Amino acid sequence: MLFTLFLAFGLGIGPEPVQQVEGNPPVVAAEPAQAPAPAPAGSNAPAEAKEPPTPPHTGLRALGRGLIGDFKHLPAKENMYLALIGGGLAAGAHKVDQGFNVRLRSHYDAVNMAFAPAKYLGNTPEQIALSLGTYAYGRVFDHDKVSHLGMDLLRAQIITTALVHPIKYATHRERPDGSNAQSFPSGHAAVTFAGATVLERHVGWRNSLLAYAVATYVAASRLHDNRHYLSDVAFGAAVGTIAGRTVTQHGRDNWSFIPVDVPGGVAVLAVRTGF
């Protein structure tokens with residue numbers, strides 16, 4: 001989609017005197033339109049350029065088209081930076097992997113019970129069920145923003161799974177408890193951070209703090225349960241963030257401003273493009 005908006009203004013040209021024709025009322029120059037007041041400082045209103053625009057359709061076809069676009073936009077520069085940051089954190093954590101989990105193990109029943117729900121919260125089937133529930137609620141009750149959120153959550157889970165499992169089989173790292181060789185990266189950390197990232201893009205960072213707290217809790221539980229190393233959850237969080245940002249970033253509106261010469265002044269050509 002591409003459309004243009006011309007904002008023309010003269011340079012160095014004063015206002016022309018208003019001429020009055022006999023018998024007609026004077027022509028009064030129209031007052032310039034007032035720009036909308038900016039959001040108050042400290043408000044949690046998401047920025048227009050940041051919040052993903054609600055699509056006109058959120059059906060299964062839109063979901064499929066969105067997924068195709070997600071895979072096309074995965075090799076983006078920002079995702080490369082996130083992968084490098086996650087890889088760097090994982091490499092740094094690798095040095096303390098062997099001893100870190102030992103410090104988190106607890107023999108207290110209360111601590112073990114506190115971490116027990118995390119293995120279910122971070123499971124892919126449970127995350128997909130929550131995403132499907134959000135999507136279905138929005139579709140049934142005709143809430144476009146809710147169905148859009150559910151659609152993005154579903155897409156983020158699918159992208160995360162498509163990224164995590166090939167890496168697991170490629171690295172073939174044994175879990176700290178020796179149960180199998182699918183330790184790197186942590187799928188639980190990835191899916192929960194993907195969901196938290198999608199929520200942050202839709203509702204703002206303040207309203208998504210609880211989601212990030214849950215994702216951190218799930219990641220910590222994988223260390224406590226001795227199912228992953230610290231480097232596993234570090235890179236898993238990066239993978240989830242990449243997936244969450246990919247499904248909510250492309251399709252946003254971008255503005256470009258181009259100065260154009262016009263008789264008696266200059267115009268600014270503002271071009272908005274969707275990608």
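## Thr192 and overall architecture

Thr192 is buried, with a relative accessible area of 5%; buried here means under 20%, exposed over 50% and partly exposed in between, for a 1.4 Å probe and protein chains only. Its place is in helix α8, and its C-alpha atom is separated by 8.9 Å from that of Gln157, 35 residues apart along the chain. The model is predicted, with local features requiring pLDDT of at least 70 and side-chain atom pairs pLDDT 80 or more, while totals for chains, interfaces and linings use all residues. Residues are numbered from 1 along each chain as its sequence is written, and side-chain values use heavy atoms, without hydrogens or water.

The protein chain contains 10 helices and three strands (DSSP runs numbered from the N terminus: H or I of at least four residues, E of at least two). Along the sequence, the pattern is β-α-α-α-α-α-α-α-α-α-α-β-β. Of the 275 residues in the protein chain, 37% are buried.

Helix α7 covers residues 144-171, which is 28 residues. From first C-alpha to last, α7 reaches 41 Å, close to the 40 Å expected at 1.5 Å a residue (1.5 Å times one less than the number of residues).

Asp142 sits in the loop between α6 and α7 and counts as exposed, at 62% relative accessibility. Asn226 belongs to the loop between α9 and α10 and, at 13%, counts as buried.

## Second largest pocket

The volume of the second largest pocket is about 330 Å³. A pocket is an open set of points on a 1 Å grid where a 1.4 Å probe fits, with protein on both sides within 12 Å along at least five of seven lines, and lining residues have an atom within 4 Å of a point. Volume is the space filled by probe spheres set on the points. Of the 16 residues lining the second largest pocket, Gln127, Leu130, Gly195, Leu199 and Ala211 are the closest to its centre.

Four helices each supply at least two residues of this lining: α6 (124-140), α7, α8 (187-203) and α9 (209-224). By class, the lining of the second largest pocket has nine nonpolar residues, seven polar and no charged; Gly is counted as polar and Tyr as nonpolar in this scheme.

## Aromatic pairs and the cis peptide bond

There are four aromatic pairs in the structure. Tyr137 and Phe141 form a tilted pair, because their ring centres are 4.7 Å apart and their planes are at 40° (rings pair with centres within 6.5 Å; planes under 30 degrees apart are stacked, over 60 edge-to-face, the rest tilted). Both residues are partly exposed: Tyr137 has a relative accessible area of 43%, and Phe141 is at 48%.

Phe184 and Phe235 form a stacked pair, with 5.2 Å centre to centre and 20° between the planes. This pair links distant parts of the chain, 51 residues apart: Phe184 is in the loop between α7 and α8, and Phe235 is in helix α10 (residues 230-249). Phe184 counts as buried at 16% relative accessibility, and Phe235 is buried at 14%. Phe184 is also joined to Pro185 by a cis peptide bond, with omega about -5°. Pro185 lies in the loop between α7 and α8.

## Buried polar side chains

His228, in the loop between α9 and α10, is buried, with a relative accessible area of 1%. A polar atom of the His228 side chain lies 2.7 Å from the backbone oxygen of Ser183. Asn79 is located in helix α2 (residues 77-94) and is buried at 6% relative accessible area. The Asn79 side chain reaches the backbone oxygen of Leu74 at 2.9 Å.

Asn101, part of helix α3 (residues 97-104), is buried with a relative accessible area of 1%. Asn101 and Ala220 are 119 residues apart in sequence, while their C-alpha atoms are 9.6 Å apart in space.

Definitions and conventions:
Phe/Tyr/Trp six-rings, centres within 6.5 Å; stacked < 30°, edge-to-face > 60°. Polar contact = N/O pair within 3.5 Å; in protein donor to acceptor, adjacent residues only side chain to side chain.
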